[in-house]
Amino acid sequence: MSSVQAGVTVPVEPADAFRIFTDEIDSWWVRGPHSWVDPERAVGIRFEDGHLRELWSDGAHVDTGRVLAWEPPHRLVWADLINRTGRMEIEVSFTPVAGGTEVLLEHRGLDTLPPDVAERIRRGYSWQIALRWFAGRWKA
């Protein structure tokens, strides 16, 4: 299965990194026209009821992911529900390292997409940006 990866090291233990990545995703996820399914209505994001959800101003939501594995503090996997032309998964692992936790994200299933879509994802790999947002949580 074709994939792309991004990683970052954060200055906390794996349990804290996992909790902040999941329970506090709305505190570090940057709001903008390119980070939402429906930027006009989006007001938040959270893991809830086995899904990654984009919350909307009218009380509705869209499930952007379905949780496949929830293994705190080591690993999280969800199926991408947004791209209907392929079958993709996102896996995030949390590994202790000197000074904190290495957070490694792998976006799998690019080979299930049309080649032009897969190449666009590889070129503008947005998870690198999202992990910078996550790491930015610890910057003053």
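Visitor: What makes aspartate 58 partly exposed?

Guide: Its relative accessible area is 48%. Buried means under 20%, exposed over 50%, and partly exposed in between, with a 1.4 Å probe and protein chains only, so aspartate 58 at 48% counts as partly exposed. Bear in mind that this is a predicted model, where local features need pLDDT of at least 70, side-chain atom pairs count only at pLDDT 80 or more, and totals for chains, interfaces and linings use all residues. Side-chain values use heavy atoms, leaving out hydrogens and water, and residues are numbered from 1 along each chain as its sequence is written.

Visitor: Why is the pairing of arginine 41 with aspartate 58 called a salt bridge?

Guide: The term asks for a side-chain nitrogen of Lys or Arg within 4 Å of a carboxyl oxygen of Asp or Glu. Here the closest N and O atoms are 2.7 Å apart, so the pair qualifies. Arginine 41 also forms a salt bridge with aspartate 38, at 2.9 Å.

Visitor: What makes arginine 19 and aspartate 16 a salt bridge?

Guide: Their N to O distance is 3.7 Å, and the limit is 4 Å, so they pass. Both belong to helix H1 (residues 14–22), three residues apart, and are therefore separated by about one helical turn; helices here are DSSP runs of H or I with at least four residues.

Visitor: How many salt bridges does this rule give?

Guide: The count comes to 15.

How values were computed: Helices (H or I, at least four residues) and strands (E, at least two) are DSSP runs, numbered from the N terminus.
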